[in-house]
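Subject: Structure handover and findings

Hello,

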Amino acid sequence: MKTIIEPFRIKSVEPIYFTTKEERKKILEKADYNSFRIKARDILIDLLTDSGTSAMSSNQWAGIMQGDESYAGSNSFFKFEDSVRSITNMPYIIPTHQGRAAEKIIFTILGGKGKYFISNTLFDTTRANIEFSGAEGIDCLCEEGKYPSVPAPFKGNMDIEALRKVIKEKDASNIPMIIITVTNNSGGGQPVSMQNIKDVRKICDEYNIPLFIDACRFAENSYFIKLREEGYAQKSVPEIARELFSYADGCTMSAKKDAFANIGGFLAMKDLDLAIRCRNLLIITEGFTTYGGLAGRDLEAVAIGLQEVMDENYLQYRIRSIEYLTNKLIEAGVPVMQPAGGHAVYLDAKAFLPGIPVEQYPGQSLVCALYEEGGIRAVEIGSLMFGKYDDNGKLIPAQMELVRLAIPRRVYTQSHIDYVAEVILEVFKKRKELKGLTITEETPLLRHFTAKLKPLN
Ligand SMILES: *Cc1c(COP(=O)(O)O)cnc(C)c1O
């Protein structure tokens with residue numbers, strides 16, 4: 001059978017809300033041309049993020065009823081711990097309310113002025129938590145990962161040579177950790193190969209630097225390894241995931257991604273000493289060590305979701321649905337990140353809108369146009385998100401200007417996706433009419449969440 005179908009049926013539905021184009025123009029203006037400032041009630045198809053937006057399964061909802069809300073030693077915690085351990089094989093597992101809480105703890109402990117954290121690409125909250133500690137984040141993404149139109153199987157790989165160079169330059173003693181993000185969210189949801197993880201591990205051993213995995217999409221990455229890397233076709237996704245984690249000293253995880261949960265996360269590690277320091281900080285900022293800022297019911301949802309996400313029927317459908325939209329756009333000549341990533345379709349705004357210079361945020365202009373045209377909410381992953389200023393106040397642009405259409409897990413049907421393609425093609429037809437934007441208000445860290453913008457001329 002060639003047709004890949006949704007491996008579930010729908011038991012509970014929720015309405016989506018229709019608006020007219022005239023209404024959306026006004027909504028955009030009121031939201032200061034920032035999609036984070038638009039009310040969810042005013043969105044038709046919400047592709048802002050795949051974070052916390054998954055549809056939970058009937059099993060997860062049943063687990064929620066079984067949540068043990070005991071302050072200490074909750075039964076739900078032990079289910080959670082077993083589930084995480086069965087995948088990561090790490091002895092020390094610390095629940096947190098989401099991924100960035102895990103990041104805050106680990107970087108508060110290991111970060112600080114004069115320290116450097118090296119990654120394939122740091123996610124926005126990861127980078128912000130590193131910088132907030134006073135340390136610096138450095139990305140060493142492989143060359144092919146930097147060009148959206150160049151297809152390659154593992155565009156999330158670390159550039160091994162660049163990594164060596166940075167270690168020599170900054171000195172290993174100033175590098176508390178190397179972080180591999182799987183899949184590479186800010187670089188198009190592209191996977192990292194097992195070979196690359198092994199190569200990085202070797203360097204970590206050579207210089208005695210711990211290796212952590214930013215594991216938000218470990219199942220999607222494992223499935224890509226199964227599909228694309230020699231020697232893995234016959235292995236199961238849980239086996240591949242276990243191998244992947246075996247090379248790491250620890251991981252941070254947002255359970256709002258590959259755990260189908262609406263909230264949650266964790267830190268896991270092999271080092272007892274570090275775990276004790278993390279737990280001490282957890283108790284001050286998140287909660288007791290057996291709930292870490294979560295309700296017992298949330299721990300249940302995560303425990304069950306982590307196992308469900310490794311189902312290969314699910315992963316086949318998941319990866320195929322992203323590929324379906326990506327290929328539709330490629331066929332129509334729309335510039336997109338190739339090949340399709342694991343959780344989102346990324347439009348290449350630089351190529352989509354060559355007339356808008358990076359200082360005028362072409363990605364954000366495209367985000368606004370998608371909303372105005374069809375009520376679709378996307379997010380800019382470019383110079384609005386990652387741009388910095390030099391000493392003269394001139395913008396230092398991001399490497400790429402992408403617009404991410406993140407697909408929530410198990411939420412939208414194929415006709416929703418067909419509609420999304422139709423809207424993008426309509427905007428593509430009118431692309432010469434789009435205008436750039438300028439920022440009128442911003443914060444120093446994570447400015448894209450709250451910035452206000454206005455269209456130029
Ligand atoms: C979402 C995400 C995080 C942060 O997790 P939150 O649960 O949103 O705090 C960290 N890294 C990556 C790669 C992510 O996608």
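Below is what turned up, starting with the ligand and ending with the salt bridges. Please keep in mind that this is a predicted model.

**Ligand site**

The ligand is surrounded by 15 residues. Arg100, Asp214, Arg217, Ser254 and Lys257 are the closest. The side chain of arginine 100 places an N or O atom 2.7 Å from an oxygen atom of the ligand. Aspartate 214 has a polar side-chain atom 2.7 Å from a ligand nitrogen atom. For lysine 257, a polar side-chain atom is 2.7 Å from an oxygen atom of the ligand. On its own the ligand has 380 Å² of accessible area, and the protein covers 98% of that.

The most come from α4, with 3 residues. Sorted by class, the shell holds 7 polar, 6 charged and 2 nonpolar residues.

**Helix α5**

How many residues of helix α5 are buried? The count is 7 of the 9 in residues 124-132, so the rest of the structure largely encloses this helix. The buried ones are Asp124, Thr125, Thr126, Arg127, Ala128, Asn129 and Ile130. After α5 comes glycine 134, with a positive phi near 100°.

**Salt bridges**

The count is 27 salt bridges.

- Arginine 320 and glutamate 323 pair up, with their closest N and O atoms 3.0 Å apart. Both sit in helix α12 (residues 312-331), 3 residues apart, about one turn of the helix. Arginine 320 is partly exposed, at 30% relative accessibility. Glutamate 323 is also partly exposed, at 32%.
- Aspartate 418 bridges to lysine 328, with the closest N and O atoms at 2.9 Å. This pair links distant parts of the chain, 90 residues apart: aspartate 418 is in helix α16 (residues 414-429) and lysine 328 in helix α12. Aspartate 418 is partly exposed at 25%, and lysine 328 is partly exposed at 30%.
- Arginine 447 meets glutamate 442 at 2.8 Å, N to O. Arginine 447 has 4% relative accessibility, under the 20% cut-off, so it counts as buried. Glutamate 442 is partly exposed, at 36%.

Best regards

Terms used
Residues numbered from 1 in each chain as written. Predicted model: local features only at pLDDT ≥ 70, side-chain atom pairs only at ≥ 80, totals over all residues. Heavy atoms only, no water. Buried < 20%, exposed > 50% of the residue type's maximum accessible area, 1.4 Å probe, protein only. Helix = DSSP H or I, 4+ residues; strand = E, 2+ residues; numbered from the N terminus. Near = heavy atom within 4 Å. Polar contact = N/O pair within 3.5 Å; in protein donor to acceptor, adjacent residues only side chain to side chain. Areas by Shrake-Rupley, 256 points an atom, 1.4 Å probe, with all protein chains shown as cover. Nonpolar A, V, L, I, M, F, W, Y, C, P; charged D, E, K, R; others polar. Salt bridge = Lys/Arg side-chain N within 4 Å of Asp/Glu carboxyl O.
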